[in-house]
Amino acid sequence: MADGVLELRGISKSFPGVQAVDNLSVEFHRGEVHALVGENGAGKSTLMKIIAGAYQPDAGEMVLRGQKVQFRSPHDAQVLGISIVYQEFGLIPDMTVAENIFLGREPKTRWGLLDRVGMEQRAIELLERLDTTLDVRLSVSYLSVAQQQLVEIAKALSFDASLIIMDEPSAALTGAELERLFEIIESLKQSNVTIIYVSHRLEEVYSIADRVTVLRDGKWINTLPIEDTDRDGLVRMMVGRTLKETFPGGSGGGDEEALRVEGLCRKGVLRDISFVLHRGEILGIAGLVGSGRTELARAIFAADARDGGDVFVGGRKVDFRSPSDAMRAGIGFLTEDRKAEGLALGLSVRQNIALPSLDRRSLLGFVRDAEERRAVQASIDELEIRATSMGQEVRFLSGGNQQKVALAKWLNTEPQIIIFDEPTRGIDVGVKAEIYRLMREMGDDGKAILMISSELPEVLGMSDRIVVMHEGRIVGELAGKEATEGKVLSLACGIVGEPECLVPDDGETEVTPLQPQKRRRWAGMDPTEVSAYIIVLALVLLGTLVSPTFRTVRNMQNLARQVAGIGLVGIGQAFAVLIGGTDLSVGAIVTLTAVFSAAFMNGRSEMMIPAVLFCLAMGALIGLFNAIAIVKLRVPAFVATLGTMSLGGGIALAYTDLPIGRIAAPFRFLASGMLGPVPFALVFFLIFLAAAAFLLRKTPFGRHIYAVGGDPEIARLSGIAVDKVQVLSFVICSLAATMGGLYFSSRMGVGDPRVGGGLGFDSLVAVVVGGCRLGGGFGSVVGAVGGVLVIAILNNLLNFMNVNIWYQSILKGFIILLAVTLYRKKK
């Protein structure tokens, strides 16, 4: 027998009210595919996260290749050759395919900079192994669920790991993609890589596994060679009982029309879709990934706009403008992506289940609490949702239980037509049978069901009729009784006969090598950045037309100096926002810097360097103070920096309530010096801007800032030191504000305790107008400076136009709101 590579001894892990893993011991061998099966809540995902370093066990030990190990972070496990493909994707939506694959392990040049070309080429090679064609420079937010799954698998392969955990890797794969996954697993196995394969699809387990371990209620039940048990025996171990017939029979529906679609089109996605769904019928929608199945469901439900065609409900033509219109017409929609679209993960089980049906249990605008609790509890009991209470947050449930909550919330709306998109994804065999029974009961009660599934046995077993899609159009319709896998797959591939397109005869597929697309001139710039500068140009044009003074060289120079000051602070604020926070204390830092630098110099040239160093040290300490409060003490950034703002402003006023000191004459060159016709302040600012943009764009640390701002948990699971990145970002923000304070003191010549007033809010407004997303992960310092320019030019222009200060506030507020509305990121 193969030698052991990983041994778990007495592993236990509990969460409040839940014993997720209970004294579990199991051994995994080198070069084997070891399946891990069990019902939802059996402890499979928790155990995998312990092995991958995402969780630390409460008790027990792990022995890896003969040595005891203790993982304190995912990075520790990755270094020792353990990789994982999570059931819930660990991808940052606004980062590219290549950036996600190498997140936390970005290739570097010999100068320590980000090797983007090498990273993209390596990403292409990994995707070629999966026989898929994706633009590695495309943000993963534009990919389908199946495509994101392939990126996850490519990410796992990139580690060159000796042990790879695959947690439901095939949930979104069909046809050639699934066959290719199995080929990759076999290849890895031949290379002595150990695969721990977690799946609810037992047919896959019997296809690829060497041994299988069964868990139930967090406990080890059995480990045995796969040939030593049959499917019924395995299910019996998993659920503790024998299941009835998997696919229950039903009436098959009648002739009464429930839903009719005629000529539905969506450019580039759907072409002339027409079909009828009858009451009491389950109509299956089959097709390969990318055939348009999900896009069809979303268009019917008005989640996506359609370009043409008509929808009829109960024979009456309807024009849904939003999902709420579809819901009022009696349609429910269980989406394929529960995490992003199906659930509010931060809300409780009760709130999620009750959310779409609040109106049904409200009187005069008030929710009838007792009735809501009864309805939610009934759903929990019926679907056997495993939660500590209905008040538990959904994000803490297992993936399968999250799927049950998503299903329960739609069943509570009592829809007459319900669209199931992958209804049993992430659901164990026991609950699958219950959901199938429930679907049949809904059909027998006269409800109409449109079911989309990547599991062909599910489509064949549950559907009364099957509509097959290929490349955005319907290519065939089959009666449920006459449908076979061969017929469905042939239609799905767009051919007649057996579906050779799914499995090549020789086991090899000729792949057209992917090449990085030629970078467009504006590649790397988001429309929000471009739009900011378009508004800047429009304001400049308006200024030149309405005020001769505005377009003078002298005014342009003064405007450059204004932009330099707030721009330095705005760049720092951008770092705080990109990391997922805000820093309102930057104004207080500017004030303290201006006051102390002027007081320390007091006109003496020899004190310039000590004063600058003192102020920079002070700024770094303030940034560190903010970071400790936010990162370590978990104080919200807005609250922590608001407190620092008040504290810093108070210290400055306590030190002096009048202008103090005098800036040394040479230091004033920073703000008033000229390099020919160009203010030195502008040159200094552009150098600072270039350095900040370079840091964000060209270094691994810059990529980590976006990753942590996008999703700190995904960043942590990718091996990034999240706390360190957050701390450094707030320190950089404070140092940038310190540079702004030094600039303002140079410009004013004295230390004025009022100089930083309002800069915290002004800089925040500027970066938001410039396209940085509050919440983090999206934007740039280039865009932030565009926002600074909009604010500065607007102020300058309104003053020249002699607009009353009150009207200025109204006009600026309107323009800012308009800009933010226009800058919403388009998917």
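Let me start with Val 767: leaving aside its neighbours within four places in sequence, it is in contact with Gly 570, Gln 573, Ala 574, Val 577, Cys 772 and Ala 784. Keep in mind that this is a predicted model.

Val 767 belongs to the largest nonpolar core, which has 87 residues. Along with Ile 571, Ile 705, Tyr 743 and Val 781, Val 767 touches the most other members. Apart from that core lies another, of 59 residues, with Phe 301, Ala 326, Val 349 and Met 462 among them. As background, nonpolar side chains in soluble globular proteins tend to be buried together.

Next, helix H4, residues 116-129. Its 14 residues, at 1.5 Å each, should span 20 Å, and the end C-alpha atoms are 20 Å apart, so the two agree. Which residues of H4 are buried? They are Arg 116, Met 119, Glu 120, Ala 123, Ile 124, Leu 126 and Leu 127. These cover an arc of only 165 degrees around the axis, and therefore sit on the same side of H4. Their cover includes helices H3, H5, H24 and H25. Just after H4, Asp 131 has a positive phi of about 55 degrees.

Last, the aromatic rings. Phe 596, Phe 600, Phe 614 and Tyr 655 form one aromatic cluster. Phe 596 and Phe 600 are both in helix H20, four residues apart, about one turn of the helix. Phe 596 is buried, at 13% relative accessible area, while Phe 600 is partly exposed at 29%. Phe 596 also pairs edge-to-face with Tyr 655, at 5.0 Å centre to centre and 75 degrees between the planes. Tyr 655 lies in helix H22, so this pair ties together parts 59 residues apart in sequence.

Key: Residues numbered from 1 in each chain as written. Predicted model: local features only at pLDDT ≥ 70, side-chain atom pairs only at ≥ 80, totals over all residues. Heavy atoms only, no water. Helix = DSSP H or I, 4+ residues; strand = E, 2+ residues; numbered from the N terminus. Expected span 1.5 Å × (residues − 1). Buried < 20%, exposed > 50% of the residue type's maximum accessible area, 1.4 Å probe, protein only. Arc of directions from axis to C-beta. Contact = heavy atoms within 4.5 Å. Core = buried A, V, L, I, M, F, W, Y, C linked by side-chain atoms within 4.5 Å. Phe/Tyr/Trp six-rings, centres within 6.5 Å; stacked < 30°, edge-to-face > 60°.
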